[in-house]
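I opened my notebook for a friendly look around this fold. Here is what I looked up, entry by entry.

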Amino acid sequence: MLNRIAFFVLVVLASGPVLSATATLRLNDPTDRVVVNHDSALNPASAITIEAWIRPTSDVCSTIVGKDFVNGYWFGYCGGGLRYYYRGSTQVTSSATIPVNEWSHVAVSYDRSVVRFYLNGEALATFSRPGSMPADDSPLGIGGEGASSSFPDGLFPFSGWMSED
């Protein structure tokens, strides 16, 4: 069974990102992000799927989910294309463009063999990437890196809206 990372179970501080009653998260400051403390469930052993509804306000490189870019995993987009890194050195990028100022459902899955990207339920691309699952003890970040000395705060922050629905 694939483990899912979803952002609807969050603790949001009043001074941080805004979470509406419909579970829509607005991120518009370079330091805005939600940080989820490490849990072993965030280091799946056999497969991972990360998904989110996003409405970005630009197509610059942006983090959807980051869990220590160097030792863990990172999912976001650059130049409108979805991008996934694991263990900092393996990058996979889709060629499809994520529209700006429109809602899109984006997802990536990795099963120790293949990386798959999805946009609005449609399979975009599949890449062969055999290897072990990335794992570390860092917190997970939504809309920015959770914590990483190699991937500092404010680098590739998400600007726009995210939702669980």
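I started with strand β11 (residues 114–119) and strand β12 (residues 122–128), which pair in the antiparallel sense over six bridges. For me, two strands pair if DSSP finds at least two bridges between them. Strands are DSSP runs of E with at least two residues, and helices are runs of H or I with at least four, both numbered from the N terminus.

Before going on, I noted that this is a predicted model, where local features need pLDDT of at least 70, side-chain atom pairs count only at pLDDT 80 or more, and totals for chains, interfaces and linings use all residues. Residues are numbered from 1 along each chain as its sequence is written, and side-chain values use heavy atoms, with hydrogens and water left out.

Back at the pair, I found Phe117 opposite Ala125 in β12. β11 and β12 form a hairpin with two residues between them, and Asn120 in the turn has a positive phi of about 50°.

Next I looked up Ser94, in the loop between β9 (90–93) and β10 (104–110). Is Ser94 buried or exposed? I count Ser94 as buried because its relative accessibility is 6%; buried means under 20% relative accessible area, exposed over 50%, partly exposed in between (1.4 Å probe, protein chains only). Leaving out residues up to four places away in sequence, Ser94 touches Gly81, Leu82, Phe117 and Leu124, where contact means heavy atoms within 4.5 Å. So Phe117 turned up again, this time as a contact of Ser94.

Last, I checked the whole protein: zero helices and 14 strands. Buried residues make up 47% of the 165 residues. Among contacts between residues at least 6 apart in sequence, 62% join residues at least 24 apart.
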